[in-house]
Each structure stands twice: as C-alpha cells, then as structure tokens.
Amino acid sequence: MAKHWYVIHTYSGYENKVKSDLEHRIETYGLEDQIVDIKIPTEEVVQVKSDGKRKNVETNVFPGYVLVRMEVDDNSWAVVRNTNGVTGFVGIDGKPAPLRRSEFNKMMRKSNASQEKVTPQSITTDFEVGMAVRVIQGPLEKFEGKITEVMVEAGKLKVSLTIFGRETPVELTMNQVEVIA
C-alpha cells in the first residue's frame with residue numbers, strides 16, 4: 001500500500017503535544033514503516049510589541065490541524081485516532097481522505113522550483129486602538145496621543161496627537177512610539 005498525507009484534526013493549541021504523543025505511540029506499537037512523517041504547517045511571523053521590540057515567532061498556519069504521512073489500515077488508523085488530543089481525520093463520512101501533492105505543498109507553503117517565490121513574513125502586534133502612546137523618535141518626539149488605527153501589515157499606526165491645541169492625526173511606524181503606562 002502507498003503512503004499518503006492525511007490531515008488530522010486536533011484540539012487547537014495541542015498540535016505539538018499531539019505530534020509528540022503520536023511519535024511515541026508509533027514507536028511503542030512498532031509502526032515506523034506505516035506512519036513515516038508528521039508535520040505541523042508553520043510560518044515565521046514578526047511580532048511587534050507595544051514597547052517597539054520586534055521578535056520573530058513561529059506560528060501555526062492551520063491551528064487545530066496536523067499532517068501525517070501514513071499507510072492507512074485498521075491498526076495505523078486506530079493508533080492515530082486514539083492519540084490524546086486527536087479528534088479525528090479530515091475526510092468524508094469519517095474515512096480519511098488523502099491530500100493531493102499540490103494540496104500538501106500549498107499547506108506547507110512550498111512551491112515547485114519553477115514557481116519559487118519568497119513569501120513575505122506576517123506581522124502581529126499588541127498595539128490596540130485607544131491605547132495612550134508617547135512618540136519616542138522623530139520630529140514629534142515627546143508628544144503624547146491615542147492610537148486611532150493599527151495598520152499591522154504596513155507596521156504603522158495612526159495616532160491622534162494634540163499639536164498647538166488641535167487634534168492632529170499622524171502616521172507613525174510602530175517603533176516610533178511607546179505605550180504610556
């Protein structure tokens with residue numbers, strides 16, 4: 001029988017635990033020849049904190065899902081299905097449906113060498129609309145205001161500053177401001 005990639009559904013946030021537990025169960029039941037690989041689709045994201053610090057963080061692309069390359073029979077199906085945190089296989093009528101190679105590649109963010117593209121990193125932040133901030137860089141340094149818009153992908157904020165007694169909207173980069181406690 002051929003080995004194919006299957007998607008298993010897990011409790012969200014338990015993907016790494018399921019992978020670890022499943023690897024242990026595969027070894028315990030001697031199924032290394034039937035269940036050959038386990039992957040969790042991830043991507044690297046730039047996280048910008050409200051203190052302006054940037055940090056690269058690995059995040060799950062599909063929370064609650066794990067990919068397993070295996071040969072499905074009653075025994076291997078039961079080992080995977082009965083692993084703590086696994087809620088089932090993705091398929092039709094409870095039967096596991098194998099992924100096509102193109103689907104697997106898309107989920108793993110891979111492409112053929114002829115179609116190779118660099119995927120931009122995503123950005124996350126803990127800045128929120130309504131937060132009080134102080135400008136710490138640039139010509140408006142030491143001015144204080146409130147965030148009116150967060151433009152995560154651009155890495156910018158719209159901040160309403162009081163300049164000469166008037167509310168003035170200003171666009172700033174996330175590392176130009178700090179949150180006022």
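Mentor: The model is a predicted one. Thr10 is found in strand β1. With a relative accessible area of 1%, Thr10 is buried, because the cut-off for that class is under 20%.

The strand itself comes next. Strand β1 covers residues 4-10 and is joined by 6 bridges to strand β5, residues 65-70, the two running antiparallel. Within this pairing, Trp5 stands opposite Arg69 in β5. Both strands belong to an open sheet of 4 strands with antiparallel pairing, in the order β2-β5-β1-β6. The edges are held by β2 (35-39) and β6 (86-89); each has a single partner strand, so one side of each is left without a neighbour in the sheet. From one strand to the next, the twist averages 30 degrees.

Helix α1, residues 15-29, lies across β1, β2, β5 and β6, and runs at about 165 degrees to β2.

The axes of α1 and α2 come within 10 Å and cross at roughly 145 degrees. The crossing of α1 past α2 is right-handed. On the α1 side the contact is made by Leu22, Arg25 and Tyr29, and on the α2 side by Ala78, Val79 and Val80. Sorted by class, this contact of α1 with α2 has 5 nonpolar residues, no polar residues and 1 charged residue.

Now to the aromatic rings, of which the structure holds 3 pairs. One of them involves Tyr6 and Phe89: the ring centres are 6.4 Å apart and the planes stand at 90 degrees, so the pair is edge-to-face. Tyr6 lies in strand β1 and Phe89 in strand β6, so the pair ties together parts that are 83 residues apart in sequence. Tyr6 is buried, with a relative accessible area of 7%. Phe89 is buried as well, with a relative accessible area of 12%. Tyr11 and Tyr14 make up another aromatic pair, also edge-to-face, with 6.1 Å from centre to centre and 70 degrees between the planes.

Tyr14 is partly exposed, with a relative accessible area of 46%. The C-alpha atom of Tyr14 is separated by 6.6 Å from that of Gly85, although the two residues are 71 residues apart along the chain.

Strand β11 (residues 144-151) pairs with strand β12 (residues 156-163) in the antiparallel sense, over 6 bridges. Lys146 has Ser160 as its bridge partner in β12. The hairpin of β11 and β12 has 4 residues between the strands, and Gly155 there takes a positive phi near 70 degrees. β12 then pairs with strand β13 (residues 166-173), again in the antiparallel sense, over 8 bridges. Thr162 has Glu167 as its bridge partner in β13. This hairpin of β12 and β13 has 2 residues between the strands, and Phe164 takes a positive phi near 55 degrees.

For the whole protein, the count is 3 helices and 14 strands. Of the 181 residues, 34% are buried. Among contacts between residues at least 6 apart in sequence, 58% join residues at least 24 apart.

Notes: Residues are numbered from 1 along each chain as its sequence is written. This is a predicted model: local features need pLDDT of at least 70, side-chain atom pairs count only at pLDDT 80 or more; totals for chains, interfaces and linings use all residues. Side-chain values use heavy atoms; hydrogens and water are left out. Two strands pair if DSSP finds at least two bridges between them. Axes are lines fitted to C-alpha atoms, for helices over the stretch in contact, and angles run from 0 to 180 degrees between N-to-C directions. Contact means heavy atoms within 4.5 Å. A crossing is left-handed if the near helix is turned anticlockwise from the far one by less than a right angle, and right-handed if clockwise. Ala, Val, Leu, Ile, Met, Phe, Trp, Tyr, Cys and Pro count as nonpolar, Asp, Glu, Lys and Arg as charged, and the others, Gly among them, as polar. Rings of Phe, Tyr and Trp (its six-membered ring) pair if their centres lie within 6.5 Å; planes under 30 degrees apart count as stacked, over 60 as edge-to-face and the rest as tilted. Buried means under 20% relative accessible area, exposed over 50%, partly exposed in between (1.4 Å probe, protein chains only).
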